[in-house]
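Dear colleague,

I am handing over the structure that we spoke about, together with some notes on what came out of going through it. Please read the notes with the coordinates open beside them.

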Amino acid sequence: MSNASEKHLFANLDAIADRATEIRHDLHRHPEIGYEEVRTCGVICNELSKLGIEHTKGWGGGTGVVGLIRGKAQGLQSLGLNRDTPCVALRADIDALPIVEESSVSYASAIPGKMHACGHDGHAAVLLGAAAVLQENTHRFGGIVKLIFQPAEEGLLGAEKMVQEGCLENPKVGAIFGLHGLPGLKVGAIATRPGAMCASIDGFTIVISGKGGHAAAPHETFDPVVCAAAMVQSMQTIVSREADPTDPCVVTVASIQTGSAFNVIPDKAELKGAIRALSQSRRAAAIASLQRIAKNVAEAHRCQVSFQFNGSTPYVHNNAEMAELVHQTAVAALGEQSFEWTPKPQMWSEDFSFYLEKVPGCFFIVGVCPHSCDHYPMLHNPKYDFTDLAVPVGIRMMTELAIRYLEPEFTL
């Protein structure tokens, strides 16, 4: 894109970014957790209406929103990128977390026990800002930009619901892009990688049923506490002795709940944890190993087990061509120094993977650490806040990605 056209495209970026920042502060002040984002949905719909963007609500279990921006340029569509339809999707998640905020920002959460500790307020604001720029410049591209405001990303499978309800259809999406703020990068930095980007996750609950009794007579019990301890120890071999070291996997038991008195052996114990992997084969093998080990350890301790899995999400696999488009866009929009290839995948999970199972796309990282800071609170930390200075960066990336996908001749 030439300097002249770039200036025209973002002529109102300052004002649009300021408005997006106002919206972010409002969303941050009023966080809503997954499937409860009623007010958030209203804010998004109200802004889209003001911008004159057609949209529908009620997606993803009730609180998701999908908007459509129709390009008006003629004769510039379907060039390159091997796609079947001139439609590109941009996605933002909108839910908060059940965390008590400890930040000192003036717009801190006004809702007890809830906060935007993962920055989804910033993601939603960025997409609204990009929508405003795109709506002002429909004459510059052909095809359609689909805006996906998704609820319930935090372990509640909102993306899966959106896909099941047809958010990638009518019109059919040819590619999809999503971003996430990351404190490990400075403001202005963009990073991604082709292939595996984020791990899969399978949360699990294992209930161990034994036979309780008096602590003075352990021989008359089938002790679920001892069984749980042995089970946790044995599960460590899933990674250390069963997994190929070059195919990463993490098995974490994060909670053990059992008993209520020092002198009573309980009837039950409960383990909660998660399996993370960077390939479907490793994921499936780890789940099978978990079940096998738990069952056999329980049998050895004369106990029984039951399993429940929750939040199961595939690993994020970026399309190589779309990852290169993110690279080219970052360099053109922000400068060569702004982009870096992520050297290795992240072991945290993201339900953006459900979209990537259906259409090619790329999930990328936007830096949120201010240049004045050496360290910044990590995601899911009660002090975390998506940085205002990252808002215009995200807007530029989302806007240019959409146009460059639809109109490849705009690339440098």
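This is a predicted model: local features need pLDDT of at least 70, side-chain atom pairs count only at pLDDT 80 or more; totals for chains, interfaces and linings use all residues.

Residues are numbered from 1 along each chain as its sequence is written, and side-chain values use heavy atoms, with hydrogens and water left out.

The protein has 11 helices and 16 strands, where helices (H or I, at least four residues) and strands (E, at least two) are DSSP runs numbered from the N terminus. Its radius of gyration, taken over C-alpha atoms, is 24 Å, close to the 22 Å that the globule rule gives for 412 residues, so the protein is as compact as a globular protein of that length; the rule is 2.2 Å times the number of residues to the power 0.38. The C-alpha trace spans about 85 × 45 × 40 Å along its principal axes.

Of the 412 residues, 57% count as buried, which stands for under 20% relative accessible area, while exposed means over 50% and partly exposed lies in between (1.4 Å probe, protein chains only). The accessible surface comes to about 17000 Å², and 53% of that belongs to carbon and sulfur atoms; the areas come from the Shrake-Rupley method with a 1.4 Å probe, and for residues only the protein chains shown count as cover. Among the contacts (heavy atoms within 4.5 Å) with a separation of 6 or more, 81% are between residues 24 or more positions apart.

Turning to charged side chains, the structure holds 18 salt bridges, each a side-chain nitrogen of Lys or Arg within 4 Å of a carboxyl oxygen of Asp or Glu. One of them joins R19 to E47, with the closest N and O atoms 2.7 Å apart. Because R19 lies in helix 2 (residues 13-29) and E47 in helix 3 (residues 38-51), this pair ties together parts that are 28 residues apart in sequence. R19 counts as partly exposed at 32% relative accessibility, whereas E47 is buried at 8%.

Another salt bridge is formed by D385 and R24, whose closest N and O atoms are 2.9 Å apart. D385 sits in the loop between strand 16 (361-369) and helix 11 (390-406), and R24 in helix 2, so the pair ties together parts that are 361 residues apart in sequence. Both partners are buried, D385 with a relative accessible area of 6% and R24 with one of 0%. R24 and D385 also belong to a network of salt bridges that links them with D121 and D388.

A further pair is R70 and E54, with 2.7 Å between the closest N and O atoms. It links distant parts of the chain, R70 being in strand 2 (residues 64-70) and E54 in strand 1 (residues 54-59), 16 residues apart. R70 is partly exposed at 41% relative accessibility, and E54 is partly exposed at 40%.

Finally, T40 has its place in helix 3 and counts as buried at 2% relative accessibility. Leaving aside residues up to four places away in sequence, T40 touches L27, H30, E32 and I94.
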